[in-house]
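This briefing goes through the structure shown below by topic, taking the domains, then the ligand surroundings, then the backbone.

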Amino acid sequence: MKFRVHTYGCQMNVRDSEAIEALMIAAGFEKSAGEDDADVVIVNSCTVREKAEEKAIGKAGNLVAAGKIAGLAGCAVQRLGEKVFKRLPGLDFAVGPRAIGLIPKIVADGRYPRLELGDEGMGAALSSHVEGGWRSFVTVLAGCDNRCSYCIVPDVRGHEYSRPAAEIVAEISALARRGVKEVCLLGQSVLRYGRRNAAWPADAPSGPAGFSEPFPRLLEAVSAIDGIERIRFTSAYPKGCTAELVRAFREFPKVCRHLHLPVQSGSDRVLASMGRGYTRAEYLEAVAALRSFDPEFAVTTDVIVGYPGETEEDFEATRSLMDEAGFDNSFIFKYSPRPGTRSAAMPDDVPKEEKERRDQVLLADQERRGLERNSRLCGTVRRVLCEGRSKRNAGRLSGRDSGNRIVVWDGEPGSMRDGEAVDVRITGALAQTLVGEAVTPA
Ligand code: SAH
Ligand code: SF4
């Protein structure tokens, strides 16, 4: 039987889909070339905004109509529970994000419909990877305990749980032996690693760098793994941006100089209502600390526009914060009330057209700011790991620098392996891309 996985949502879902593939292959199923020749299609869903959920459900509905064995996985399933079969009559199976490890068994049994919302099989899903590839996501922290007012993630992904550090290090060492050069450590609030449940045995000594906080200790341990050249992590909750974290960025050359640090709003009033636990000033201090030892340090963010009660003044505060922080890139989301969250009980009072306007304003600001920040890098030489052919221009190769900036340069497709390093001198800048030429080694 052939299968295919279709993914919506965040990097955590991309990682979960990879785990589903690895487990299905290990169970003897074959990955199909496309969706048409698949017998089973699993749609991995997102529910963070209403639109995201609708897309996944629409897709699963089409697969049911096409006569495939159709499964829905992920966050929307956890939110809907049994109602998922009312929304999708004919759906064969549905599993929540912590139950994806059961999918191979469900498909092998073939007894439908089936619903799984527990966390049986979670261990297997966390540690399974498909073969091949030069970079890999590694989940280090599952769930979230922050309970921001607007967010449904804690309801669907459950409590925060940190994987033991020894397990993570063993897994990344195995990946490195298989040729993985770059890892991205994942968690909804990854800097809270090891805070709720111990990640290290009580008597485990800290490394030579002398960190006391669990996440910087993890960065030190992963840095020591041979073969790993780059370490990234996401997403970072601003309160976790401590002096030790800043020191880890400075001291470990493998740790990439980029942090995705979602700010959500620049208005203290809105931040308080969201329950984010930091002020605008504290956030800007964190950004300044990151750039204090490297002005090129890349900071990216998420912002919500049209949160309940967001006034023009609040919105302007967000605009000015974004300029002050000098974000290298930003992702703007129009507020969407999620059932059961604290903010869903507040009136969703910013009109749709106004949310759209604020979205457009911030996008235009980012376009200008991105161009400005990237232009400063003209003339510099950047170490880039090749990711293959540029999507826009077949005669160019594309990759990323330490700051996660996309870099393109002239080069024959196939002249470099994916994951291979090259130095590129930057000759031009766009808002989201740097253009340059490969520097020939002397
Ligand atoms: N755990 C991550 C974010 C996960 S959700 C973090 O805290 O950094 C990804 C982004 O979706 C959030 O950063 C937020 O900007 C946006 N988002 C979450 N809930 C939303 C909602 N109800 N409406 C609009 N955007 C939302
Ligand atoms: Fe949601 Fe806040 Fe947790 Fe991020 S930190 S997943 S925004 S509750």
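**Domains and ligand sites**

Between domain 3 and domain 4, 10 residues of domain 3 are in contact with 9 residues of domain 4. The model is a predicted one, and its chain is divided into domain 1 (2–123), domain 2 (132–256), domain 3 (266–376) and domain 4 (381–438).

**Domain 3 and domain 4**

- The size of an interface is often given as the accessible area lost when the parts come together.
- For domain 3 and domain 4, the buried area amounts to about 730 Å², and carbon and sulfur atoms give 42% of that area.
- The C-alpha centres of these two domains, domain 3 and domain 4, are 29 Å apart.

**Surroundings of ligand 1**

- Ligand 1 lies between domain 2 (132–256) and domain 3 (266–376), because both of these domains give residues to the shell around the ligand.
- The shell around ligand 1 holds 15 residues, and the closest are Gln188, Pro262, Gln264, Asp302 and Ser336.
- Sorted by class, the residues of the shell around ligand 1 are 6 nonpolar, 4 polar and 5 charged.
- Oxygen atoms of ligand 1 have polar side-chain atoms of the protein beside them: one of arginine 49 lies 3.1 Å from an oxygen atom of the ligand, one of glutamine 264 lies 2.7 Å from an oxygen atom of the ligand, and for aspartate 302 the corresponding distance to an oxygen atom of ligand 1 is 2.7 Å.
- On its own, ligand 1 has 540 Å² of accessible area, of which the protein covers 90%.
- Two elements, β13 (298–305) and β14 (329–334), are those that give two or more residues to the shell around ligand 1.

- The residues around ligand 2 include the cysteines Cys144, Cys148 and Cys151, together with Asn146, Arg147, Tyr150, Val153, Pro154, Gln188, Tyr237 and Arg276.
- By class, 7 nonpolar, 2 polar and 2 charged residues make up the shell around ligand 2.

**Backbone geometry**

- Most residues other than glycine have a negative phi, and most peptide bonds are trans.
- Glutamine 264, whose side chain has already been described beside ligand 1, has a positive phi near 75° although the residue is not glycine, and glutamine 264 is placed in the loop between β12 (258–260) and α11 (268–274).
- The peptide bond from tyrosine 112 to proline 113 is cis, with omega near -5°, and proline 113 sits in the loop between α5 (103–109) and β6 (114–116).
- Threonine 234 and serine 235 are likewise joined by a cis peptide bond, for which omega is about -5°, and serine 235 belongs to the loop between β11 (230–234) and α10 (243–251).

Definitions and conventions
Residues numbered from 1 in each chain as written. Chains lettered and ligands numbered in written order. Predicted model: local features only at pLDDT ≥ 70, side-chain atom pairs only at ≥ 80, totals over all residues. Heavy atoms only, no water. Near = heavy atom within 4 Å. Polar contact = N/O pair within 3.5 Å; in protein donor to acceptor, adjacent residues only side chain to side chain. Areas by Shrake-Rupley, 256 points an atom, 1.4 Å probe, with all protein chains shown as cover. Helix = DSSP H or I, 4+ residues; strand = E, 2+ residues; numbered from the N terminus. Nonpolar A, V, L, I, M, F, W, Y, C, P; charged D, E, K, R; others polar. Domains from an automatic or database assignment. Contact = heavy atoms within 4.5 Å. Buried area = accessible area lost by both parts, 1.4 Å probe.
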